[in-house]
Amino acid sequence: MSEQNSNETETQEIPQAVVHTRRQISIVWLVPIVAMLIGGWLAYKGLSEKGPVVTISFESAEGLEAGKTKVKYKDVELGQVSAIKLRDDLSQVVVTAELVKEAEAFLSEDTRFWVVRARVGVSGVSGLGTLFSGAFIALDPGKYGKEARHFTGLEIPPPVTTDVPGRHFFLEAETRGSLEIGSP
């Protein structure tokens, strides 16, 4: 019996463990949380700085390449061609271009686009710089009209752009006579 009493006293005298639980986040979770915050910030920044996407219809895609051809105004790059495809009825080529955000102010119904490439004609030689750099799409910003995202490109460059000072006149006649674009 004395053995039983000694066993009982030994079991009664054994101290009990006290467990304290901490409510802290482990430092291991800090890395994925910071990575998620940085990723979210980069996604927001990328979407907020993205400019407009426009489509331009041309008769031909001669000299144009998706991912390489630039959209320029006064030799300042405003965007790049992202895709070139044929219209469903095969009548035209549709060029999709991604522009910088600042170009959004230039896009209205009277904005004009055309392909700048080397041209030799009666009125002279133009676009010789494209022999080395390649063709690009020029933009003539619109000043009036509603905002637009779909345009029909010009096949020949316009004789006068909106940044040329002076007045513009329209001459109407029964026959053209000896008048050509660029005639004095």
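Let's start with the sheet: seven strands make an open, mixed sheet in the order E5-E8-E2-E3-E4-E1-E9. Strand E5 (112–116) and strand E9 (150–152) sit at the edges with a single partner strand each, so one side of each has no neighbour in the sheet. On average, neighbouring strands here are turned by 30° against each other, direction ignored; the axes behind such angles are lines fitted to C-alpha atoms, and angles run from 0 to 180 degrees between N-to-C directions. Strands (E, at least two residues) and helices (H or I, at least four) are DSSP runs numbered from the N terminus, and two strands pair if DSSP finds at least two bridges between them.

Keep in mind that this is a predicted model, where local features need pLDDT of at least 70, side-chain atom pairs count only at pLDDT 80 or more, and totals for chains, interfaces and linings use all residues. Residues are numbered from 1 along each chain as its sequence is written, and side-chain values use heavy atoms, with hydrogens and water left out.

Now zoom in on the pairings. Strands in a sheet pair through backbone hydrogen bonds, either parallel or antiparallel. E2 (residues 70–73) and E8 (residues 136–140) run parallel, joined by two bridges, and Val71 has Ile137 as its bridge partner in E8. E2 also joins E3, this time antiparallel, through four bridges. Their hairpin has two residues between the strands, and Lys74 takes a positive phi near 55° there. E3 and E4 pair antiparallel over seven bridges; their hairpin has six residues between the strands, with Leu90 at a positive phi near 65°.

What about the inside? The largest nonpolar core has 21 residues, and Phe113 and Ile137 have the most contacts inside it. E4 gives the most to this core, with four residues. Such a core is a set of buried Ala, Val, Leu, Ile, Met, Phe, Trp, Tyr and Cys residues joined through side-chain atoms within 4.5 Å. Buried means under 20% relative accessible area, exposed over 50%, and partly exposed in between (1.4 Å probe, protein chains only). Buried residues make up 25% of the 184 residues in the protein.

Finally, look at helix H2 (residues 30–48), where you'll find Leu37. Leu37 counts as exposed because its relative accessibility is 60%.
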